[in-house]
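Me: I have a structure to go through with you. Can we take it step by step?

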Amino acid sequence: MDPDTSKLMSELRKAGLSKSAIDAAWPSWWSDDIAASPSGRTELRFALARKLGLAPKALLGERVEFVWKDTARFKHLGTEDADQQSILNSFGVSVGRLVLSATAPGPGLSEMDALGLRETILGNRRFVDLTTLLATCWGLGVPVIQLKVFPLAAKSMHAMVVEAAGRHAILIGRQASYPAPTAFTLAHEMGHIAANHLKGVSALIDIEDPAQATDRDTEENEADAFGLTVLTGTTDPDIRTNVESYNAPTLANAVMQAADEYRVEAGTLALCLAYRSNRWRTAMSALRFIYGRPGDVGSFINTIAERELDWSLINDDAADYLRNLMQLEDA
């Protein structure tokens, strides 16, 4: 690696960006010959700035400055400092805008009625699950992707919604092995959009799992209410058992039998019971008996996204970057 490139890489790492994020953003056209050209080195900096949400002029001077600093609202903020927040915000907004640029516009989710949306989905489905939520979002022009690469060395974002020119994109951060937890996360993020919680900000970032967070505010309660209504038909599903003692297999059997009667997906029923009884370990273990072997929910999300995105709307370099972030096979 030539000294100039090495120095640039070092400055990006010192700013707090993870090596995986830098590698994903590094253009495939870069070569030793281009590194010897001043115009090539300049183009490299502009390419990285666009992808990572950096100020290009600052980067030309080997100074890393994040464009979207202080334009996001964070929920359940943990130990992230101001620099880490800037990285999450700028990275997420840049990715969200890129995804939107490759997505056909639609009516969106703003001011969407949760119960009406549920009834529409149930018109031709047994219940609302992750697959139907993804289809709904894409059909309304709201793209959803799973981030497989994070801008920070330690993953510290459960999910986020990005707004650009009145349109919204949802980025899922949590890596899940079963669909139900991600279905609630997605429904929750849809609730933020429906309730117009992004008014005046470029992004809304849920750092922790909204299902288990304790520091709740009005917006979080509204997003929960929307998500639960879409998934279950009520803002406060009263899911209980008729026995005090049960294990994961018996819980799985019970919710699978009840799913058609309540028109609520079995995994969602198990999680609702966990929320009511605080028996999260049993409920999460029950998911294995409901769905079978653990899987890669993020890859499932991105397989759908790969099909729905209009790759012809973005250039090859941007497409390569997005494929890297989603870890698509032909990236």
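Me: Buried, exposed or partly exposed: which is tyrosine 291?
Reply: Tyrosine 291 counts as partly exposed, because its relative accessibility is 26%. Buried means under 20% relative accessible area, exposed over 50%, and partly exposed in between (1.4 Å probe, protein chains only).

Me: What should I know about the model first?
Reply: This is a predicted model: local features need pLDDT of at least 70, side-chain atom pairs count only at pLDDT 80 or more, and totals for chains, interfaces and linings use all residues. Residues are numbered from 1 along each chain as its sequence is written, and side-chain values use heavy atoms, with hydrogens and water left out.

Me: What is the mean pLDDT of the protein chain?
Reply: The mean is 89, and 92% of the residues reach 70 or more. pLDDT is the predictor's confidence in each residue, from 0 to 100.

Me: Which element has the lowest mean pLDDT?
Reply: Strand 1 (residues 72–75), with 70. Strand 2 (residues 144–146) has the highest, 98. Helices (H or I, at least four residues) and strands (E, at least two) are DSSP runs, numbered from the N terminus.

Me: Back to the rings. How many aromatic pairs are there?
Reply: Three. Rings of Phe, Tyr and Trp (its six-membered ring) pair if their centres lie within 6.5 Å; planes under 30 degrees apart count as stacked, over 60 as edge-to-face and the rest as tilted. Tryptophan 26 and tryptophan 30 are edge-to-face, because their centres are 6.4 Å apart and their planes are at 90°. Both of these tryptophans are buried. Tyrosine 178 and tyrosine 291 form a stacked pair, 5.9 Å centre to centre with 20° between the planes.

Me: Where do those two tyrosines sit in the chain?
Reply: Tyrosine 178 is in the loop between strand 4 (167–172) and helix 9 (179–194), and tyrosine 291 is in helix 13. They are 113 residues apart, so the pair links distant parts of the chain.

Me: And tyrosine 178, buried or exposed?
Reply: Tyrosine 178 counts as buried, because its relative accessibility is 10%.

Me: New topic: helix 11. Which residues are buried there?
Reply: Ala248, Leu251, Ala252, Val255, Ala258 and Ala259. Helix 12 (266–277) and helix 13 (280–291) are among what covers them.

Me: What comes after helix 11?
Reply: Arginine 263, with a positive phi near 55°.

Definitions and conventions. Contact means heavy atoms within 4.5 Å.
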